[in-house]
Amino acid sequence: MAIEGKNLIRKIIHIDMDAFYASVEQRDFPEYRGKPLVVGGSPEGRGGVVATASYEARKFGIRSAMTSKKAQQLCPYAIFVRPRFEAYKDVSRKIREIFSRYTDLIEPLSLDEAYLDVTEDKLGIGSAITIAEQIKQAIKDELNLTASAGISINKFTAKIASDMNKPDGLTFIGPSKLEKFMEDLRVEKFFGVGKVTAEKMKRQGLHTGKDLKELTEFRLTQLFGKSGKFFYNIVRGIDQREVRANREIKSISAEDTFSYDLPKGEELSEWLEQIAKSAFKRSQHYQIYGRTLTLKVKFEDFKQITRSVSMPTAITDIEQVVDISTMLLANADFGAKKVRLLGVGISNFGEIKIREHFDGYQQTLFPNYE
Ligand code: DCP
Ligand code: MG
């Protein structure tokens, strides 16, 4: 990599707590230990969804964002509990305190995960693997919880690595393994590639990093907009994004550039629905809900319009997001122009203190993150 000076190779750790909400519940309530536990809405209530499930519950196929009703069908004996956000925030603060013993370059992505840059660590340990081991041990000893760590020379592979040996995993992807690792990586495993983009890639015959590597930067940009340049670099193991402390998020969004321009009509409406849902799922994932919804439309001539509407209270329902987006699209004046890109953004988060939990970066680089 063409970086000068002693930071020739950065040392990045990504830490992600295992089955976070469920593990905190099992820690605090011994009667839940060893049992299939679902944190989220109750199956009786309307619209309840699973926030997360204990590893015991995952054996039955229960997953985050699934309806509670479905979860109950998969495992009738599962225990359902409501989330206790204060408890999770408390743990979140404590893990951050542990991180801060080693570095101040901490970038939280949500309550349970963060990037750390330990190229220069406060204790002069030097080895990122040792630091990750110590952090995991401290989380165990002091908080009675487990975390998984990914270690690499950039954020992208560190994040993928932390997910590879869950729970209680530690995975190192060093410089010598990096290119081969990226070549073998399936596109749906690329962090930030949502279903929409993954499907589009597969339609183009792009299944792995190696397939993407065969395309020029120009072609990738043509296909995937500004994410194309990111893909071009990342399949070569290059991700220069810095770990940035204290980033603030202003909006959560999803967007997609189509393979061909579309007129107003059914196909465009279907895409809009998918994109609106992707945006909302991100909102759900981070538990951050906004009052304002913005539709972005870019036309075949690259001209762009945005249309917004603000609701009296935060939007917390997926159907509402779809309905409002559909209404905004119906009212937008197109003339005879075809559409190249659609995007849906959620903003106006109000009082919610998101500053400490968030990274605004992924939204722009990974418009289709789900
Ligand atoms: N979460 C949520 N809704 C989602 C996804 C996640 O409310 N759709 C919440 C509950 C999770 C927490 O965020 O506990 C962290 O999300 P992760 O994706 O890291 O999932 P877990 O920590 O639960 O499990 P894993 O061990 O796979 O990281
Ligand atoms: Mg987690």
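Predicted model: local features only at pLDDT ≥ 70, side-chain atom pairs only at ≥ 80, totals over all residues.
Residues are numbered from 1 along each chain as written, and chains are lettered from A and ligands numbered from 1 in the order written. Local features need pLDDT of at least 70, side-chain atom pairs count only at pLDDT 80 or more, totals for chains, interfaces and linings use all residues, and side-chain values use heavy atoms, without hydrogens and water.

A backbone N or O atom of Ala19 is 2.8 Å from an oxygen atom of the ligand. For Asp16, a polar side-chain atom lies 2.9 Å from a ligand oxygen. For Met17, a polar backbone atom is 3.1 Å from a ligand oxygen.

Next I checked helices, which are DSSP runs of H or I with at least four residues. H12 (residues 266-286) and H13 (residues 318-331) pack at about 135°, axes 9 Å apart, with axes fitted to C-alpha atoms over the stretch in contact and angles running from 0 to 180 degrees between N-to-C directions. In the contact (heavy atoms within 4.5 Å), residues of H12 including Leu268 and Phe280 meet residues of H13 including Ile318 and Leu329.

Last, I looked at H6 (residues 155-162) and H7 (residues 175-184), whose axes come within 12 Å and cross at roughly 70°. That makes H6 roughly perpendicular to H7. Phe156, Thr157 and Ile160 in H6 meet Leu178, Phe181 and Met182 in H7.

Key
Helix = DSSP H or I, 4+ residues; strand = E, 2+ residues; numbered from the N terminus. Polar contact = N/O pair within 3.5 Å; in protein donor to acceptor, adjacent residues only side chain to side chain. Parallel < 35°, antiparallel > 145°, perpendicular 65-115°, else oblique.
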